[in-house]
Amino acid sequence: MTIAERESELIDEFSFYEDWMEKYEHIIELGKSLPLISEEHKKDENIIKGCQSTVWLHADLQDGKVIFTADADAIIAKGIIAMLVQVLSGNSPQNIIDAKLDFIKELGLQEHLSPTRSNGLVSMVKQMKMYALGFNMKA
Amino acid sequence: MIFEVEKIREEFPILKSQVGKYPLIYLDNGATSEKPQCVIDRIQKYYEEENANIHRGVHHLSQISTDNYEKARKIIQSYLNARFDHEIIFTKGTTDGINLVASSFGKLLKEGDEVLITEMEHHSNIVPWHMLVEEKGIVVKYIPLKQNGELDLSTLDELLTDRTKLLSITHISNSLGTINPIKEVIEKAHQNGTKVLIDAAQSLQHTKVDVQELDCDLLVFSGHKVFGPTGVGILYGKEELLNELPPYQGGGDMIKTVSMERTTYNDLPHKFEAGTPNIVGGIALGTALEWLSGFDMEQVEAYEHELLLYATKRIKEIEGVKIYGEAEHKSAVLSFLVENIHPYDIGTLLNQQGVAVRTGHHCTQPIMDFYSIPGTIRASFSFYNTKEEIDQFITALQKAVNMLGA
């Protein structure tokens with residue numbers, strides 16, 4: 001599936017919920033499927049700056065695809081990073097760099113996350129693209 | 001006078017708003033208070049009918065504007081029971097007031113002089129003193145915190161030395177709600193020849209403050225936490241002390257004469273009020289305090305205490321809740337955590353249900369370090385809050401905990 005297809009899959013999933021509390025329940029649920037970062041990578045330099053809670057993110061390049069793993073100490077942040085991982089992980093660095101990630105706006109995520117948390121979301125996306133950029137330059 | 005909360009709520013248009021499909025439950029009064037209609041109206045009236053610069057023009061509007069600004073100063077003087085209106089200095093807020101004192105009082109300090117603060121201060125009453133450590137080599141000492149959120153005042157005699165020039169202390173802790181016995185502290189400091197600055201940012205809206213009765217040398221607060229607008233605050237100082245202090249910022253309004261060689265400074269209060277001030281802010285702050293003076297503050301205190309006791313009792317029904325700050329004398333602030341749940345998660349889900357609380361370290365990192373926690377969730381009440389709102393808050397909190405605790 002392309003990034004855009006994965007995004008529309010997520011949008012479809014969320015369209016079942018009218019209430020924002022239900023949407024949050026789903027975000028929390030998604031957090032449980034997050035491919036967890038291994039303990040060896042769960043260190044300070046892998047903490048995403050600009051998040052109000054602690055979010056760790058790691059990336060590996062396997063057969064030309066970027067594989068993300070992550071974790072967070074807050075459940076909602078964990079759900080959000082899980083959504084981003086679900087959309088972006090397993091793609092080529094270039095596709096990740098080019099990803100527009102319109103689903104964030106579509107789902108109304110930015111509006112419904114408090115400004116500080118929304119900053120966190122921006123930081124998460126930025127960090128993921130930075131990894132992709134790094135792999136691209138090495139290649 | 002009977003305390004009628006529903007009538008008071010009528011005066012606050014914002015309290016009728018909705019957050020999504022939920023009614024707003026505003027429990028972030030420690031951060032800022034909402035504004036009564038009279039304050040909102042006063043701001044509008046100023047711009048519609050009175051706007052002009054003050055202390056300058058001879059024209060009609062400038063005179064009206066100046067008169068109203070100076071009238072506000074007198075209202076504030078009377079509210080604080082200061083001896084003179086020129087002991088009331090308009091500032092941008094509490095932070096600005098403390099920075100003014102740190103800058104002006106700081107010019108009189110020498111290397112090795114001590115400023116005594118407490119472990120429960122807001123960053124705005126820590127950082128300006130840290131800056132003087134770097135600048136002048138002063139020493140900052142702390143009155144320590146006890147587990148229940150009270151200060152360990154048994155250390156005071158030892159901490160006050162012949163080098164302690166200033167004691168700067170909060171009246172009420174923004175994170176823990178602790179009401180400090182400042183009158184006793186001031187008395188002790190004065191016996192030692194130490195001047196005292198009171199941070200009243202969290203107290204004026206909850207309790208009567210009389211600067212002559214307290215005998216504090218300096219006191220600061222923010223307009224926006226006492227039902228007034230943002231961007232304006234007050235520094236009260238005893239006349240003798242303010243006269244001794246060098247000016248803070250230079251500019252218009254604070255001068256007597258300026259030649260190319262030198263400046264002579266204006267008298268109090270203008271010496272500390274350089275530039276065009278927040279005129280409408282000052283005037284509307286006067287309106288806010290005039291409005292507040294219509295209440296019996298003992299009744300307000302009693303009602304808020306009732307709210308605090310009720311909220312404390314109800315929140316304890318939720319499993320895993322731990323309250324931070326259990327001082328014997330406590331203002332209506334409830335700081336807490338729920339076991340194994342991140343405070344930001346709870347804050348987010350409370351917000352989704354219309355409940356406004358603050359999460360984080362509340363600009364008091366030393367307190368958080370003391371308890372070894374990253375932050376808390378803080379519900380802070382005002383006298384326009386109700387027990388019904390507390391019930392709704394608890395229901396929303398229980399729902400959040402159920403969602404997050406699974």
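How many salt bridges are counted between chain B and chain A? The count is 1, a salt bridge here being a side-chain nitrogen of Lys or Arg within 4 Å of a carboxyl oxygen of Asp or Glu. The partners are B:K21 and A:D19, with their closest N and O atoms 2.6 Å apart. This is a predicted model, in which local features need pLDDT of at least 70 and side-chain atom pairs count only at pLDDT 80 or more, while totals for chains, interfaces and linings use all residues. Residues are numbered from 1 along each chain as its sequence is written, chains are lettered from A in the order in which they are written, and side-chain values use heavy atoms, with hydrogens and water left out.

Now for the rest of the interface. On the chain B side, 12 residues are in contact with 15 residues of chain A, contact meaning heavy atoms within 4.5 Å. About 1300 Å² is buried between the two chains, and carbon and sulfur atoms give 59% of that; buried area is the accessible area (1.4 Å probe) that two parts lose on being put together, summed over both. In chain B, the residues that lose the most area to chain A are B:Y344, B:Q352 and B:M403, together 41% of what that side buries.

Inside chain B, strand β7 (residues 164-170) is mostly covered, with 6 of its 7 residues buried. Buried means under 20% relative accessible area, exposed over 50%, and partly exposed in between (1.4 Å probe, protein chains only). Strands are DSSP runs of E, at least two residues long, and helices are runs of H or I, at least four, numbered from the N terminus. Strand β5 (residues 114-118) runs parallel to β7(B) and is joined to it by 3 bridges, and B:E114 has B:T164 as its bridge partner in β7(B). Another 5 bridges join β7(B) to β8 (residues 195-199) of chain B, also parallel; here B:S168 is partnered by B:L197.

The peptide bond joining B:L268 and B:P269 is cis, with omega about -5 degrees, and B:P269 sits in the loop between β12 (263-265) and α10 (279-292) of chain B. B:N340, not a glycine, has a positive phi of about 65 degrees; this residue is exposed, at 77% relative accessibility. B:H362 is not a glycine either and has a positive phi of about 55 degrees, but B:H362 is buried, with a relative accessible area of 0%.

Notes. Pairing = 2+ DSSP bridges.
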